Amino acid sequence: VRLVGDPAEVYWYRLVAAALNALVVVLAAWRLRPFGRTGVVGLVAFAPATWFLIGVVNPNGFELVLVLLAWVGVVRWVSRADRSPAAAWWISAPLAVAVACRPVALMATVAVLAVLELRGHPSWRRRVVLWGPIGAAAASVLAWNRIVHLRVDDPRTAGSGSTARAAWEAVRSVPGTAHEMVASLGWLEFSAPTVAVAMWALGGFFAAWRWRPGRAGASAVLTWLVLLVAVPVVFEVIVHRSLGPIWQGRYSLPTFVGVVALVLCEPLSVSRRAARATILAAALAEVWSYWWVVRRYAVGVDGSWWLDDAYRSSSVLGPRTWILINIAIVCLLAGSTMLTLAPGAARSRVTGCSRTRR
C-alpha cells in the first residue's frame with residue numbers, strides 16, 4: 001500500500017490484499033493444469049469461509065493461499081515424481097513466507113510436510129530445501145519477538161481451570177470449529193446459509209465420489225485428519241492459562257485445503273458431467289454466500305433480501321450492483337472453466353499417483 005496507494009485509505013488495503021491473494025490462487029490453479037478435469041476437485045477446498053477470508057484484509061487469508069500453493073506442490077511432487085530442487089522450493093518457499101507473515105502457519109506447515117513424507121519420501125538433500133527456509137522463517141520470528149519483548153497473554157480470555165478441564169472443553173468445541181471452518185463469514189458473528197454449505201458439500205461429492213485411496217493414501221488421510229482435529233485441541237491446552245480458548249475455525253483452513261493433495265494423489269477418474277456439476281455447485285455456493293455477506297453488512301440480517309434500503313441511499317455502485325458484478329464474474333469464470341473441459345476425451349485420469357502419458 002505504501003508503494004502503490006494511500007496508506008490512509010482503507011480501500012487501498014482491500015485492493016492490495018485481494019490482488020495478492022488472487023495472484024497466488026491463480027498461480028496454484030496454473031500449477032494444477034497438468035491434472036485436467038481432475039484438478040476441478042480443488043474446488044472442494046474452497047468452502048464459503050475460504051472465499052470470504054481471501055477477500056478481506058487479514059493475514060490469515062494470505063497464509064491460506066500460500067499454504068494452498070504448497071499443497072499443490074505436494075500434488076505435483078507425488079503425482080509426477082518431480083523431485084528436483086525447484087519442486088521442493090515450490091513447497092518450502094510459500095510455507096516460509098506464510099510462517100513469516102503469521103507464525104501460527106507452522107501448524108499447517110507440519111501437516112503439509114507430514115503428508116509429503118508419507119507420500120513423497122523426499123531424500124535428505126531435498127529435506128534440507130524443504131525444512132531449511134521454514135526453519136529460518138520461524139527463527140526470524142522468534143528473534144524479532146524477543147527483540148520487541150512480545151508477551152502473548154490476554155487476562156480477559158485466559159482460563160484458570162485445570163489442564164484436564166481445558167482439554168475437555170477443547171474437545172467439546174471440535175464440532176463448532178469444524179462449522180466455523182466451512183461457514184464462518186465474519187468475526188464468528190454469522191455464518192453462510194445452509195443452502196450454500198449444502199451446495200458446497202454437494203460439489204465435493206460430485207468431485208470425489210469415485211475416489212479410492214490405497215494404503216499409503218489412507219495413511220496420509222489419517223495423518224491429515226489427526227492434525228486437523230488434534231492441533232486446535234493441543235493449542236488450546238497449551239495456551240489456556242495465558243490466552244484461553246481462542247481457536248477459531250479459520251485457523252484450521254490452511255490445513256483443511258490439503259484435501260486437494262489428498263484427493264489428487266490417488267487414482268481418480270472424473271467425468272465431464274461430474275466436473276461440470278462440481279463447478280456449478282461451487283459457483284452457486286459462492287454467489288449465495290456473497291449475497292448473504294452483502295445483505296448482512298448493507299441492511300442487516302433482518303433487512304430486505306433485495307437490499308432496497310441500501311440501494312436507495314447509495315450511489316450507482318451500491319451493494320446491489322456489486323452483487324450483479326459478482327454474479328457476472330462467477331458465471332464468466334465457471335463458463336470458461338467448463339469450456340476448457342476437453343469434449344473429445346471421455347475422462348481424464350491420474351492413475352497410481354503418476355500422470356498418464358499418451
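Figure 1. With a relative accessibility of 0%, asparagine 60 counts as buried, because anything under 20% does. We're looking at a predicted model here, and asparagine 60 sits in helix α3, which covers residues 59–80. What does the side chain of asparagine 60 make a polar contact with? Its partner is the side chain of arginine 250, at 3.1 Å. Leaving aside residues up to four places away in sequence, asparagine 60 touches Leu53, Arg102, Arg250, Tyr251 and Pro254. Arg250 therefore turns up both in that set of neighbours and as the polar partner, with contact meaning heavy atoms within 4.5 Å.

**Figure 2. Alanine 201 in helix α9.** This view moves to helix α9, residues 194–208, where alanine 201 is found. Buried or exposed?

**Figure 3. Histidine 121, in the loop between α5 and α6.** Helix α5 takes in residues 105–120 and α6 takes in 124–147, and histidine 121 is in the loop between them. Its backbone is worth a look: phi is positive, about 50°, although histidine 121 is not a glycine. The residue counts as exposed, since its relative accessibility is 58%.

**Figure 4. Histidine 149, in the loop between α6 and α7.** Here's another histidine with a positive phi: histidine 149 comes in at about 55°, again without being a glycine. Where is histidine 149? It lies in the loop between α6 and α7, the latter being residues 163–172. Histidine 149 is exposed, at a relative accessible area of 65%.

**Figure 5. Zooming out to the whole chain, for context.** Along the principal axes, the C-alpha atoms fill a box of roughly 60 × 55 × 45 Å. Buried residues make up 45% of the 358. Among contacts with a separation of 6 or more, 79% come from residues 24 or more positions apart. The accessible surface is about 18600 Å², with 67% of it belonging to carbon and sulfur atoms. As for charge, there are 35 positive and 16 negative side chains, and the centres of the two sets lie 16 Å apart.

Notes: Residues numbered from 1 in each chain as written. Predicted model: local features only at pLDDT ≥ 70, side-chain atom pairs only at ≥ 80, totals over all residues. Heavy atoms only, no water. Buried < 20%, exposed > 50% of the residue type's maximum accessible area, 1.4 Å probe, protein only. Areas by Shrake-Rupley, 256 points an atom, 1.4 Å probe, with all protein chains shown as cover. Lys, Arg positive; Asp, Glu negative; His and termini not counted. Charge placed at Lys NZ, Arg CZ, Asp CG, Glu CD. Helix = DSSP H or I, 4+ residues; strand = E, 2+ residues; numbered from the N terminus. Polar contact = N/O pair within 3.5 Å; in protein donor to acceptor, adjacent residues only side chain to side chain.
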